[in-house]
Amino acid sequence: MNSHLLSGLNPEQRAAVELPAQSALILAGAGSGKTRVLTTRIAYLISTGQVSPHGILAVTFTNKAAKEMVTRLSAMLPINTRGMWIGTFHGLCNRMLRAHFREANLPQTFQILDSGDQLSAIKRVMKALNVDDEKYPPREMQWFISGSKEQGLRAHEVEAYDPYTKRKVEVFAEYDAQCQREGVVDFSELLLRCYELLSRNTQLREHYQERFKHILVDEFQDTNPLQYRWLKLLAGKENALFAVGDDDQSIYAFRGANVGNMQELLRDFHVESVIKLEQNYRSHGNILEAANALIEHNRNRLGKNLWTSESGGEKLRVYEAPTDVDEAAFIVEEIQQLKREGVNLTEMALLYRSNAQSRVLEHALVSAGLSYRVYGGLRFFERQEIKHALAYLRLMENTDDDNALLRIINFPTRGIGARSLEQLQETARMNGTTLWDAAARAGGKVSAFVALIESLRSATKDLPLPEIMDHVLEHSGLVAHYESEKTSASKKREAEERLENLNELVNAATLFVHENEDDSLTAFLTHASLEAGEHQAGDSEDALHLMTVHAAKGLEFHTVFITGLEEGLFPHQNSQNVDGGLDEERRLMYVAITRARRRLYLTFAQSRMLHGKVNYGMASSFLRELPEELLLWLTPRVSARRTFGNSSYETSSYVAAFGGASAEPAPPPPGALWKMGQRVFHQKFGEGTVTGIEGGGADARVQVNFKHAGSKWLALEYAKLTAV
DNA sequence: TTGCTTCATCTTTTT
DNA sequence: GATGAAGCAA
């Protein structure tokens with residue numbers, strides 16, 4: 001046995017790797033070597049001859065994690081990982097559905113809808129069914145449909161007692177029927193269809209159960225009910241399910257993840273012992289202690305305490321700025337100082353709760369000449385010009401794809417407008433055919449479009465992928481369209497960038513052909529849907545990282561700035577009305593804290609420009625949940641001022657002391673009668689505390705957290721508030 | 001049919 | 001403040 005595999009593992013990690021062939025739950029804290037354990041476990045099982053690479057099924061959520069696993073595994077073992085079943089839930093389901101497309105009742109070249117495609121498909125269904133989109137916002141409908149599927153429910157299985165829900169179910173059913181007609185599947189359909197395939201087809205199920213003796217799952221706390229059922233089905237009665245996860249890092253409940261799956265796994269698979277990986281190899285002691293103290297405030301935890309053999313290290317630095325602009329200025333100064341001290345920009349991260357916060361930070365960084373990268377923006381295959389180009393390919397591949405047809409029938413413009421389209425859709429509906437069939441029978445400009453697609457198809461029939469791409473870009477008129485836009489001064493740069501991206505698409509095709517055995521058009525289109533592409537081209541330049549806390553999960557940095565720590569922003573306002581919302585926000589904060597290795601800044605501002613309005617907020621309640629002795633206040637302590645002082649806005653003192661940021665303190669808040677933290681009384685809602693003030697003059701509003709009625713925004717013009 | 005204007009909206013997100 | 005959808009004039 002390769003003893004070197006196990007060297008360097010701590011006793012718990014080692015115990016996890018060497019577990020006998022049985023189901024297990026590994027509670028792996030932040031920075032505890034989770035991925036290492038997972039990959040070493042696979043290598044261990046293979047090298048001890050307990051299973052062949054063929055018998056492993058390893059599942060992750062992101063392509064990045066899957067890739068990482070494959071890379072590490074090939075470094076550990078001299079095996080060919082190509083044929084191994086390591087991938088995302090969606091990727092693996094896709095693979096299975098392609099292999100058994102007939103049994104799954106799908107066309108061989110079925111295409112995958114991303115969320116944007118799905119939304120437009122839903123809008124089409126709603127239009128066809130005459131559903132009022134005021135009463136039923138399409139986004140809500142999308143959420144309803146995907147949410148149901150993620151619970152494993154088909155339209156007819158959804159319980160609908162009221163007319164409102166019944167109507168939604170109708171749309172759901174018709175949407176699925178439309179997808180089936182057009183030969184496309186959405187993301188959750190991939191999983192549900194695969195689940196149904198395995199549960200109905202005994203032969204197939206037994207085949208795969210016989211094969212996958214060891215199933216390993218990463219980030220198990222993020223699984224939704226359908227994913228868990230899928231795993232259970234594959235595991236059957238015999239196979240071992242090895243799940244790694246951390247309930248404290250569950251931050252995706254809002255999109256259907258069910259932490260409860262961890263408890264269910266213990267019960268369903270009769271797991272006797274849970275192994276906890278609590279030794280953290282990332283952060284200094286004070287950072288960990290702060291994280292532990294914070295997460296203690298959550299109920300219903302499986303229970304876990306991170307520790308480190310490192311020293312306490314620095315205290316957490318807390319900074320209160322008068323405004324968001326000052327906050328950014330402070331951060332820039334600290335970054336420059338750290339840079340002088342030799343910390344690379346790549347080793348620093350600016351985290352925020354919502355994307356809107358990045359703008360002010362970016363502005364400050366640009367002015368200071370610091371290079372940075374914003375993570376999580378629009379991704380390559382989601383760009384408009386790329387989607388258009390791919391739609392041509394999709395339609396060539398499958399003329400039933402109405403989504404694709406609608407996207408390009410008049411792009412570039414060929415004089416086919418809304419009225420012609422309406423007629424086309426009417427004809428299709430009357431005859432029960434796809435738009436393509438209707439178009440084929442139409443005349444004029446529409447028939448020219450049909451001829452164009454057909455000529456593209458026949459001209460590229462036997463060409464290799466990159467050449468197909470090239471041909472389509474040229475002859476579809478896309479390139480010419482953007483070339484002509486270059487002459488318009490206002491759109492010049494945009495058009496140039498789009499042309500560059502189209503060019504890059506040909507490169508992507510070339511690369512794809514080199515890297516994949518199956519280099520068919522279908523395979524490439526699937527790749528485009530399932531792997532929207534790394535956010536942007538990853539340059540190795542020394543640049544700062546800007547991202548949301550969600551996006552930071554799994555990463556680590558020498559220095560982390562957690563910004564915008566204000567009540568209403570982090571924890572976010574909208575989480576207050578959600579069951580368990582505050583706990584999830586707290587876990588999010590926990591994730592944020594545990595990203596830092598050596599230094600952690602916690603910053604907030606008294607006033608912030610939000611949606612074009614100035615907002616006045618108070619410090620995040622999470623700050624108060626951190627032990628005072630771990631904090632180093634760079635500005636006068638909030639608790640002292642807010643609790644004992646009479647005025648909430650003694651801004652002058654520290655602006656003088658910590659000048660450098662803009663010299664002006666925040667303007668006094670409007671609605672001078674009301675101050676943050678003030679206790680008030682309302683006729684209807686009773687007693688409460690002021691937690692937010694916004695706007696001025698006639699439309700000034702205050703936010704009051706009522707003892708019994710919860711938190712509400714009240715317009716001062718109407719609400720009669722009295723001081724208590 | 002197109003291009004311009006106004007208007008509402010504004011957590012988090014991978015596949 | 002930025003974005004996208006919807007409405008309206010040319």
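Analyst: We may begin with burial. A residue is called buried under 20% relative accessible area, exposed over 50%, and partly exposed in between, with a 1.4 Å probe and protein chains only. Glu585 has a relative accessibility of 6%, so this residue counts as buried. The model is predicted: local features need pLDDT of at least 70, side-chain atom pairs count only at pLDDT 80 or more, and totals for chains, interfaces and linings use all residues. Side-chain values use heavy atoms, with hydrogens and water left out, residues are numbered from 1 along each chain as its sequence is written, and chains are lettered from A and ligands numbered from 1 in the order in which they are written.

User: In which helix is Glu585 placed, and which residues does Glu585 touch?

Analyst: Helices (H or I, at least four residues) and strands (E, at least two) are DSSP runs, numbered from the N terminus. Glu585 belongs to helix α26, which covers residues 581-593. Contact means heavy atoms within 4.5 Å. Leaving aside residues up to four places away in sequence, Glu585 touches Arg353, Phe570, Pro571, His572, Ser575 and Phe622.

User: What joins the side chains of Glu585 and Arg353?

Analyst: A polar contact is a pair of N or O atoms within 3.5 Å; within protein, one must be able to donate a hydrogen and the other to accept it, and residues adjacent in sequence count only if both atoms are side-chain atoms. The side chains of Glu585 and Arg353 are joined by such a contact of 2.5 Å. Arg353 also has a polar side-chain atom 2.6 Å from a base oxygen of DNA strand B.

User: Which residues come nearest to DNA strand B?

Analyst: A residue is near a strand if one of its heavy atoms lies within 4 Å of it. There are 29 residues around DNA strand B, of which Asn63, Arg353, Asn355, Gly417 and Thr548 come nearest. Of the atoms of DNA strand B within 4 Å of the protein, 55% belong to sugar and phosphate.

User: How do the residues of the surface near DNA strand B divide by class?

Analyst: Ala, Val, Leu, Ile, Met, Phe, Trp, Tyr, Cys and Pro count as nonpolar, Asp, Glu, Lys and Arg as charged, and the others, Gly among them, as polar. The surface near DNA strand B has seven nonpolar, 17 polar and five charged residues.

User: Which residues are around DNA strand C?

Analyst: Arg359, Met609, His611 and Gly612 are around DNA strand C.

User: Where does the backbone show a cis peptide bond or a positive phi?

Analyst: Most residues other than glycine have a negative phi, and most peptide bonds are trans. Phe570 and Pro571 are joined by a cis peptide bond with omega about 10°, and Pro571 lies in the loop between β13 (557-562) and α26. The bond from Phe411 to Pro412 is also cis, with omega near -5°. Asn105 has a positive phi, near 60°, and is exposed, with a relative accessible area of 52%. Asn300 has a positive phi of about 55° and is exposed at 78%.
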